[in-house]
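Hello,

Here is the structure we talked about handing over.

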Amino acid sequence: YQRRVHGDVPKIAAIAHEAGIPLIVDNTIATPYLFRPFEWGADLIVHSTTKFLAGHGNSLGGAIVESGKFDYASPKNRSFSLAQPEPAYHGMNFYETFGDFAFTTKAHAVAMRDFGPALSPMNAFLTITGIETLPLRMERHVLNAQKVAEFLDQHPKVKWVSYAGLPKSQYHEMAKKFLPKGPGSVFTFGLNGGFEDGVKLVEHVQVWSHLANVGDTRSLILHPASTTHRQLTDEQRQAAGADSSVIRLSVGIENWEDLVGDLGRALDQI
């Protein structure tokens, strides 16, 4: 079961801006190396830095990046608190005062004050260190993901592979346009068998790690129906694109032949 997702960012941006709202893009999986949302009309970008940016599964964090291009005070846009007096700061208008970094400033001054999501020094250090190798890692992630997807696409025990790097993918042309360096390394595939086969596959891999995280240097595998989505009904899992046959992969930076060989041996056990 594969859902149709609309990923044409300029068209979505046009709809958002006509409605007077900023477009926020979660670029966690693609990272700035593969996709640059501001160049396609996004106004704000969010990242879970826990994933590819830090890259090693050893830190927690998040980031908001502001383009500074959205006019929160424009009459055609909706009335945003950024362009209104802020009672907690003696009536200060954040947009009027800080301009193109008003959102960032208010996120620090109000949201972080109220909710407290401050990054610890150690997590900040690990994240910054991880970002230094982002281009090298993403090149390897994408290369390995392509090799794994091609292997699975030809395997008799695999029903379908949802990876935009495959020419048969409905998103292949869109990926070439927006993600010319590669469509990332997180994707799903479906087994011909059902729930038990999914469990067995995960149990028999040795190189792949059974973890719910994504964006790690290590390759990760998950059977959602028996883990993250286990408490849902069959109908709910189907609607979420996580039926009993679905396997999710986050392809790491190991040797791709080792990854393919490990999956092949595990598939032989089901």
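First, a caution: this is a predicted model. Now to the second largest pocket. Its lining is made up of eleven nonpolar and five polar residues, with no charged ones. In total, 16 residues line this pocket. Gly62, Ala63, Ile64, His108 and Pro117 are the ones that lie nearest its centre. The volume of the second largest pocket is about 460 Å³.

Where does the lining of the second largest pocket come from? Strand 2 (44-48), strand 3 (62-66) and helix 4 (102-115) each give at least two residues. Helix 4 gives the largest share, with six residues.

The structure has one cavity of 30 Å³ or more. The largest cavity holds about 40 Å³. Its lining includes Asp43, Leu44, Glu66 and Lys69. Tyr72, Tyr95 and Asp100 also line this cavity. By class, the lining of the largest cavity has four nonpolar, three polar and four charged residues.

Next, the cores. The largest nonpolar core contains 40 residues. Val148, Leu152, Phe187 and Leu249 have the most contacts inside it. Several elements each supply at least two residues of this core, among them helix 1 (9-18), helix 2 (31-34), strand 6 (158-162) and strand 7 (186-191). Helix 8 (195-204), strand 10 (246-250) and helix 10 (256-267) are also on that list. The largest share, seven residues, comes from helix 6, which spans 134-153.

Which residues does leucine 152 touch? Leaving out residues up to four places away in sequence, Leu152 touches Val158, Val161, Phe187, Phe189, Leu249, Leu263 and Leu267. A second core is separate and has eleven residues. Leu44, Phe80, Tyr95 and Ala109 are among them. Two of these names have come up already: Leu44 and Tyr95 also line the largest cavity.

Threonine 31 has a phi near 70°, a positive value in a residue other than glycine. Thr31 lies in helix 2. Is Thr31 buried or exposed? Thr31 is buried, with a relative accessible area of 0%.

Histidine 90 is not a glycine either, yet its phi is positive, at about 60°. His90 is found in the loop between strand 4 (85-86) and strand 5 (92-93). Here the side of the chain is open: His90 is exposed, with a relative accessible area of 81%.

Best wishes

Definitions and conventions
Residues are numbered from 1 along each chain as its sequence is written. This is a predicted model: local features need pLDDT of at least 70, side-chain atom pairs count only at pLDDT 80 or more; totals for chains, interfaces and linings use all residues. Side-chain values use heavy atoms; hydrogens and water are left out. On a 1 Å grid over the protein atoms alone, a cavity is a set of points where a 1.4 Å probe fits but cannot get out, and a pocket is an open set with protein on both sides within 12 Å along at least five of seven lines; lining residues have an atom within 4 Å of a point. Grid points are joined across faces, edges and corners, and a volume is the space filled by probe spheres set on the points. Helices (H or I, at least four residues) and strands (E, at least two) are DSSP runs, numbered from the N terminus. Ala, Val, Leu, Ile, Met, Phe, Trp, Tyr, Cys and Pro count as nonpolar, Asp, Glu, Lys and Arg as charged, and the others, Gly among them, as polar. A nonpolar core is a set of buried Ala, Val, Leu, Ile, Met, Phe, Trp, Tyr and Cys residues joined through side-chain atoms within 4.5 Å. Buried means under 20% relative accessible area, exposed over 50%, partly exposed in between (1.4 Å probe, protein chains only). Contact means heavy atoms within 4.5 Å.
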